[in-house]
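Subject: Structure handover

Hello,

Here is the structure you asked to look at. My notes on it follow below.

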Amino acid sequence: MGFDVPVLILAGMQDAFGPMQLAVAGMGALRILFLRQSGAAVLGIASAVFIVVLVALGLMFRLMFLDPFLMLPVFSGRAQWAFLVVGIIALAVGVLFFREWRLLATGAPRRFAAFLPVPRVGKPGALLLSFMLAAGLGVVSNIWPVDYKVLLQAEMAFSSGRMAYSLWAIFVYEIFRHGAVLFVLLFFVLSRRPGNVAFLCRKRPLVSIMASAVYLGIGGVLAFFFYLAILKPWYET
C-alpha cells in the first residue's frame with residue numbers, strides 16, 4: 001500500500017522548510033521584484049509559469065524520469081556545488097538588503113530593493129525569464145533529499161493500478177513542498193493593495209532587514225551543507 005494523501009501533505013509541509021526550497025522562494029521573490037514594472041497581467045502569468053514548471057519538474061524527478069540526466073558525467077558527482085552557488089547568491093542578496101536597510105534607516109527617500117534593475121519586460125520576455133529560472137531552480141531544488149515516504153510512493157507508482165493515485169498524491173506533495181513559493185506570490189499580490197502599499201512604504205527599513213536576515217540565513221545554511229556534502233558521506237548523487 002502507498003501512503004495516504006494527508007501523509008504526503010505533511011511531508012510536503014516539512015520539506016517546504018528545507019534550505020533549498022526556501023532559496024527557491026527567495027529567488028522567486030527577486031524575479032517578482034525584477035518584473036514589478038511589467039504590469040499585473042504579465043506578472044501573474046509569469047508567476048503561474050514559474051510555479052507550474054517547478055511542480056512539473058518535481059513530478060518528473062519523483063517518478064525518476066530525469067534520473068538519466070543526473071547521471072550524465074557533466075552533472076554526476078558535482079551536484080553538491082549547486083548548494084554553494086545558490087548559497088553565495090543568497091548571501092550576496094542578504095548583504096545588499098542589509099546595506100539598503102542602513103540607507104533606508106537614515107530616512108533618505110529610496111526605492112525598495114533599488115539594487116535590482118526594474119525593466120519593463122513584455123509578456124514573451126517575462127515568460128521566458130520565468131521558465132528558465134524555474135527550470136534551473138527546479139533541477140537544483142530536486143537535488144535536495146526528500147522525505148522517504150515520497151520516494152516509496154514514487155516506487156509504487158508503477159505497480160498495477162497505482163499510477164493514477166500516486167500521480168495525484170505526489171502532485172499534492174509537490175504543491176505543499178513549494179508552499180514557500182506560493183506564500184511569496186500571495187504576499188506580493190496582497191502588497192499591491194492600496195492600504196498595504198502605504199503600510200509597507202512606511203516599513204521599508206523593517207522589510208529590508210527582515211529580507212536580509214532571511215537571505216543571509218539561507219545562504220549560510222546552504223554553504224554549510226555544501227561543506228558537509230564535500231567532506232562527509234551523507235550526500236551522494
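**Gln14**

At 52% relative accessibility, Gln14 counts as exposed, because buried means under 20% relative accessible area, exposed over 50% and partly exposed in between, with a 1.4 Å probe and protein chains only. Gln14 belongs to helix α1, residues 5–15; helices here are DSSP runs of H or I with at least four residues, strands are runs of E with at least two, and both are numbered from the N terminus. The C-alpha atoms of Gln14 and Val146 are separated by 9.6 Å, although the two residues are 132 residues apart along the chain.

**How to read the values**

This is a predicted model, in which local features need pLDDT of at least 70 and side-chain atom pairs count only at pLDDT 80 or more, while totals for chains, interfaces and linings use all residues. Residues are numbered from 1 along each chain as its sequence is written, and side-chain values use heavy atoms, with hydrogens and water left out.

**Helix α2 and its two partners**

Helix α2 covers residues 19–34 and helix α3 covers residues 40–62; they pack at an angle of about 160°, with their axes 11 Å apart. (Axes are lines fitted to C-alpha atoms, for helices over the stretch in contact, and angles run from 0 to 180 degrees between N-to-C directions.) That angle makes α2 roughly antiparallel to α3, since angles over 145 degrees count as roughly antiparallel, under 35 as roughly parallel, 65 to 115 as roughly perpendicular and the rest as oblique. α2 passes α3 in a right-handed crossing. (A crossing is right-handed if the near helix is turned clockwise from the far one by less than a right angle, and left-handed if anticlockwise.)

On the α2 side the contact is made by Val24, Gly28, Arg31 and Ile32, and on the α3 side by Leu43, Ala46, Ser47, Phe50 and Leu54; contact means heavy atoms within 4.5 Å. These residues divide into six nonpolar, two polar and one charged. (Ala, Val, Leu, Ile, Met, Phe, Trp, Tyr, Cys and Pro count as nonpolar, Asp, Glu, Lys and Arg as charged, and the others, Gly among them, as polar.)

α2 also packs with helix α11, residues 204–231, at an angle of about 135° and with the axes 10 Å apart. That makes α2 oblique to α11, and α2 passes α11 in a left-handed crossing. From α2 the contact takes in Pro19, Met20, Leu22, Ala23, Gly26, Met27, Ala29 and Leu30, and from α11 it takes in Tyr215, Ile218, Val221, Leu222 and Phe225. By class, the contact of α2 with α11 has twelve nonpolar residues, one polar and no charged.

**Helices α3 and α8**

α3 and α8 pack at an angle of about 130°, with their axes 9 Å apart. That makes α3 oblique to α8, and their crossing is right-handed. The α3 residues in the contact are Leu54, Val55, Gly58, Leu59 and Arg62; those of α8 are Leu167, Ile170, Phe171, Tyr173, Glu174, Ile175 and Arg177. Eight of the contact residues are nonpolar, one is polar and three are charged.

**Salt bridges**

How many salt bridges does a search of the whole structure find? It finds two, a salt bridge being a side-chain nitrogen of Lys or Arg within 4 Å of a carboxyl oxygen of Asp or Glu.

One joins Arg62 and Glu174, with the closest N and O atoms 3.1 Å apart. Arg62 lies in helix α3 and Glu174 in helix α8 (residues 163–177), so this pair ties together parts that are 112 residues apart in sequence. Both Arg62 and Glu174 are buried.

In the other, the side chains of Glu174 and Arg177 meet at 3.2 Å, N to O. Glu174 and Arg177 are three residues apart in helix α8, and so are separated by about one helical turn. Arg177 is buried, as is Glu174. Through shared partners, the salt bridges join Arg62, Glu174 and Arg177 into one network.

**Two positive phi values**

Most residues other than glycine have a negative phi. Met64, which is not a glycine, has a positive phi near 65°. Met64 is placed in the loop between α3 and α4 (67–70), and at 39% relative accessibility it counts as partly exposed.

Ala113 also has a positive phi, of about 55°, without being a glycine. Ala113 lies in the loop between α5 (81–105) and α6 (123–141). At 0% relative accessibility, Ala113 counts as buried.

Regards
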